Amino acid sequence: MTSKRAPWVLLAYRLPREPSTPRSALWRKLRRLGAAQVLDGLAALPLDARTREQLEWLAEEVVEAGGEATIWIGELASAAQERELAARMAEAVAADYRSLSADAEAARREAPGSRRRTLARLRRELRRIRARDYFPPPERERAHQVLAELAALVEEPVR
Amino acid sequence: MRWATRHHCHVDRAACAWLIRRFIDPEAEFVFVDDADEVPADATPLDMRGVELSHHGGDCSFETFLRRYELADPVLWEIAKVVHEADLVDERYDAPEAAGLDVLVRGLSMVCDDEELLRLTAPLFDGLYEYRKRALLSGREPA
């Protein structure tokens with residue numbers, strides 16, 4: 001039987017508890033990449049050239065901050081566990097898409113000028129979410145749709 | 001001089017290669033390796049984990065080059081902001097060109113090899129340099 005499981009890239013790290021700045025910088029960067037925190041000190045992303053490189057740079061930052069870090073390439077031994085991990089990652093971005101959709105809906109009631117600014121901000125936010133979305137949930141389509149509706153409203157001529 | 005970096009160059013390495021040829025070593029020759037262990041003894045490694053000319057303290061390799069070679073040209077630092085955001089997308093700088101540059105260089109890397117990528121992106125960085133220089137001198141976006 002051939003394995004259908006996908007390869008992952010993992011960052012195993014240990015950082016000194018103090019100072020806390022490198023710790024929070026790392027956390028912020030892992031979150032921006034959409035990495036799954038498998039355990040304390042173990043973060044995972046689906047493997048591609050970009051995710052691997054980004055984790056390598058984070059590993060370097062950990063070492064420069066006086067910690068230890070190694071990069072691993074691996075796969076989950078069970079397909080069910082892989083589905084579980086992917087579902088967890090999908091749910092994390094789904095929540096982000098939902099909150100973006102809610103903001104876009106609320107923006108319909110704003111004054112035209114402020115609505116336009118909100119649209120620009122939400123478009124940037126959508127790009128950020130998409131950059132960390134490896135297992136697109138149905139909420140993504142919805143977010144695109146709500147944002148397109150808001151854009152149409154912004155473009156509507158003022159009567 | 002010989003310089004070594006990883007295969008499958010993207011925006012940071014393309015920008016570094018341009019910087020090296022224009023400002024540091026016009027005769028630069030690049031070799032591409034898969035692992036740091038394969039760097040030839042006579043080559044200077046760049047943009048690889050654990051080497052000096054690479055990412056440090058949150059800087060991308062292009063920024064490290066500017067610091068290590070004391071290239072204080074403000075136009076190069078303008079380019080550094082774009083390269084940093086195209087490479088790391090961590091919003092340290094406001095560089096809206098970065099998203100476009102990332103797509104263009106990534107796209108090119110899909111249709112040509114590393115030598116070709118460095119050759120094709122050099123005029124792109126020449127143009128970016130000229131544009132940023134005019135913007136800096138005139139204080140507005142040049143046309």
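Predicted model: local features only at pLDDT ≥ 70, side-chain atom pairs only at ≥ 80, totals over all residues.
Q: Which residues of α2(B) are called buried?
A: They are Ser61(B), Phe62(B), Glu63(B), Thr64(B) and Phe65(B). The term requires 20 or more other C-beta atoms within 10 Å of a residue's own, and these five residues of α2(B) are classed as buried. Their packing partners are α1 and α3 of chain B.

Q: How far apart are Glu156(A) and Pro112(A) in sequence and in space?
A: In sequence, 44 residues separate Glu156(A) from Pro112(A), while their C-alpha atoms are 9.7 Å apart in space.

Q: Which residues touch the most other members of the largest nonpolar core?
A: This core has 32 residues, and the ones touching the most other members are Ala14(B), Ala15(B), Cys16(B), Phe62(B), Ile79(B) and Val83(B). Two or more residues come from each of β1 (2-6), α1 (11-24), α2 (61-68), α3 (74-88), α4 (97-111) and α5 (114-138) of chain B. The element giving the most is α1(B), with eight residues. In soluble globular proteins, nonpolar side chains tend to be buried together.

Q: What is Ala15(B) in contact with, leaving aside its neighbours within four places in sequence?
A: Ala15(B) is in contact with Phe62(B), Ile79(B), Val83(B) and Phe125(B). Contact here means that the C-beta atoms lie within 7 Å. A second, separate core of 18 residues includes Leu33(A), Leu55(A), Trp57(A) and Val62(A).

Q: How many residues of chain A are in contact with chain B?
A: Ten residues of chain A are in contact with eight residues of chain B. On the chain A side, the elements giving two or more residues are α1 (21-33) and α2 (49-64) of chain A. The most come from α2(A), which gives seven residues. By type, this side of chain A has four nonpolar, no polar and six charged residues.

Q: In what sense, parallel or antiparallel, do β1 (residues 8-14) and β3 (residues 42-46) of chain A pair?
A: Two strands pair if at least two bridges are found between them; β1 and β3 of chain A have five, in the antiparallel sense. Ala44(A), in β3(A), is the bridge partner of Leu10(A). β1(A) also pairs with β4 (residues 68-74) of chain A, in the antiparallel sense over seven bridges. There, Trp8(A) stands opposite Gly74(A) of β4(A).

Key:
Residues numbered from 1 in each chain as written. Chains lettered and ligands numbered in written order. Contact = placed C-beta atoms within 7 Å. Helix = DSSP H or I, 4+ residues; strand = E, 2+ residues; numbered from the N terminus. Nonpolar A, V, L, I, M, F, W, Y, C, P; charged D, E, K, R; others polar. Core = buried A, V, L, I, M, F, W, Y, C linked by C-beta atoms within 7 Å. Buried ≥ 20, exposed ≤ 12 C-beta atoms within 10 Å, placed from the backbone.
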